[in-house]
Amino acid sequence: MTTTFPRTRRWLAALVAASLLAPAAPLRAQNNLPALGDAATEDFGVATERRVGEQIMREIRRDPAYLDDPLLLEYVQSLWAPLVVQSRRDGHITPDIDARFAWEAFLVRDHSVNAFALPGGYIGVHLGLIAITGSRDELASVLAHELTHVTQRHIARGIANSRRQSMISLAAMLIGLIAASRANSVDGANAAIIGGQAGMIQGQLNFSRDMEREADRIGFQLLTGAGFAPSGMASMFEKLDQASRLNDSGGYPYLRSHPLTSERIGEARSRLGTEQARPAPGPLSAGLDHAFAMARARVLMDPRVDALRRWQAQDGPRNDLTAAQKLADLYSSALASVLLRDTERADGAVARLQSLLADSPRQDAKAVRWAAMLKGEALLARGDADGAAAALKPLSGDASRPALLMNAEVALAGAGGMAALRRSAEELQTRVAVQSSDATAWALLGRLWAKAGEPLRSRRAEGEAAYALGDLRGAIDRFRAGQGQVRPGNASDFIEASVIDSRLREVQAQLRALIAEQQEQQR
């Protein structure tokens with residue numbers, strides 16, 4: 001399908017996840033892994049790791065498979081954030097990496113079951129992984145495992161074992177893979193791999209045995225310490241093991257870069273036996289939000305019409321399902337109908353979903369919010385801006401990112417007139433002042449200011465959106481366009497123009513430094 005990572009990008013994810021710069025031969029189990037900060041990791045220090053991670057992310061963010069779905073991303077971050085906090089509390093995130101690493105989880109629109117760690121604290125999560133998890137604890141266990149690969153510097157440890165491959169040459173090979181896949185050139189990707197290091201691929205497909213066991217052990221501590229059920233890791237291992245045995249069709253790349261063994265599964269079960277009776281230190285409301293996140297992921301992971309038709313058909317009556325399963329199926333059906341532009345069927349599924357929630361003996365505020373946002377999404381898709389605004393009215397006090405972005409879309413569609421348009425623009429302006437890396441918010445802000453008759457502010461926002469996506473040349477073009485739109489005598493334009501001039505110089509300097517670095521790598 002056109003919107004998923006090409007095969008070469010899946011190779012890239014596996015290569016990086018398996019330790020970016022592993023040795024030419026498969027890593028052997030070791031009893032004495034290099035200590036953090038010793039001479040063995042100097043060739044791939046903290047600053048270098050972050051820089052390589054940012055370089056890779058600049059390419060990934062511009063790929064169609066990179067997905068910024070506000071609701072799903074918010075949910076994944078709600079699991080990721082407490083794990084990061086617990087890792088700091090336990091001392092695994094040390095001061096030398098805390099300030100420099102990104103600690104960012106992102107989504108990949110792909111139906112395969114996978115997650116991977118990149119240098120510099122970036123964690124990629126495939127929608128296919130979310131779609132098969134039965135609980136937030138299972139998904140959190142994978143995030144905890146990947147977080148441990150980052151905090152224990154397993155990428156740097158892999159480099160420490162390498163004797164024949166430099167960081168620069170392999171980083172160049174990875175960037176070559178991305179460039180070839182962006183050009184849809186399988187031959188180019190093959191040449192990058194074969195020409196770069198034909199003999200080291202197998203060595204990069206697996207973490208060493210000790211690294212995997214360490215990620216399991218520390219990841220389990222993070223999982224339970226952050227308040228998730230200790231059964232999450234064992235049940236996730238068992239689910240992956242069973243599913244891969246029943247369907248070995250290449251849909252489980254996670255198991256190729258993180259191979260399960262009977263030993264690892266047994267250790268997960270034994271840890272469960274010692275921790276099961278211990279209460280979670282911090283309550284995390286599971287509610288129905290995971291059921292809706294899973295339902296949303298399984299629809300968005302494959303946008304082909306035949307796949308959407310299958311999920312749309314889930315709105316039929318079923319008596320063999322739990323209440324949560326019925327709600328998830330209705331959510332999937334409604335969202336699939338929205339994407340298929342089948343407005344009548346979408347309305348019916350949303351109405352049944354909200355009716356079931358209203359009849360529930362225990363009202364779940366998070367579930368009601370998911371349903372309200374879905375209804376707003378459905379009405380917005382059919383062009384009913386006023387109806388979407390009414391659907392979102394119960395969430396008027398919601399200052400979350402998904403609510404702000406959807407309200408912006410509703411305002412752009414015409415609900416509330418100019419007052420709503422400017423109010424939404426000011427709200428997003430406040431957000432990006434704090435979260436300057438939010439490319440989606442910047443892009444929406446550019447559209448809002450353009451419609452509000454503020455061309456200079458619109459150009460600045462467009463430039464910042466391009467910059468947040470790693471498109472430095474695109475950002476420079478937008479900032480230069482803004483310089484040509486300054487209205488003489490306009491005080492607000494003078495201030496905005498000063499900001500644009502400053503940002504233009506900063507981005508130009510960054511681009512020159514990046515070009516110089518790339519030229520140095522090619523020598």
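Two strands pair if DSSP finds at least two bridges between them, and strands here are DSSP runs of E with at least two residues, while helices are runs of H or I with at least four, both numbered from the N terminus. With that in hand, the bridge partner of L118 in β4 turns out to be Y122. The model is predicted, so local features need pLDDT of at least 70 and side-chain atom pairs count only at pLDDT 80 or more, whereas totals for chains, interfaces and linings use all residues. Residues are numbered from 1 along each chain as its sequence is written, and side-chain values use heavy atoms, with hydrogens and water left out.

On to the chain as a whole. The protein chain has 26 helices and 4 strands. Counting contacts (heavy atoms within 4.5 Å) with a separation of 6 or more, 74% join residues 24 or more positions apart.

Back to β4. Strand β3 (residues 115-118) runs antiparallel to β4 and pairs with it over 4 bridges. The hairpin of β3 and β4 has 3 residues between the strands, and G120 there takes a positive phi near 85 degrees. Strand β2 (residues 104-108) pairs with β4 too, in the parallel sense and over 5 bridges, with F106 opposite G124. Strand β4 (residues 122-126) is largely enclosed by the rest of the structure, because 5 of its 5 residues are buried. In a regular strand the side chains alternate between the two faces of the sheet. In β4, Y122, G124 and H126 point one way and I123 and V125 the other, and all are buried.

As for nonpolar cores (sets of buried Ala, Val, Leu, Ile, Met, Phe, Trp, Tyr and Cys residues joined through side-chain atoms within 4.5 Å), the largest has 81 residues, and L127 and Y331 have the most contacts inside it. Helix α3 (residues 70-89) gives the most to this core, with 9 residues. Beyond four places in sequence, L127 touches a set of residues including L67, L72, L107, V108, A297, L300 and M301. Another core lies apart from this one; it has 18 residues, among them L412, V432, W442 and A461.

S332 sits in helix α17 (residues 323-339) and is buried, with a relative accessible area of 0%. Its side chain reaches the backbone oxygen of A295 at 3.3 Å, a polar contact (a pair of N or O atoms within 3.5 Å; within protein, one must be able to donate a hydrogen and the other to accept it, and residues adjacent in sequence count only if both atoms are side-chain atoms). Leaving out residues up to four places away in sequence, S332 touches A295, R298, V299 and W311.

D438 lies in the loop between α22 (417-434) and α23 (439-451), and is buried as well, at a relative accessible area of 6%. A polar atom of the D438 side chain lies 3.3 Å from the backbone nitrogen of T440, and one lies 3.1 Å from the backbone nitrogen of A441. Setting aside neighbours within four places in sequence, D438 is in contact with D68, R401 and R431.

Key:
Buried < 20%, exposed > 50% of the residue type's maximum accessible area, 1.4 Å probe, protein only.
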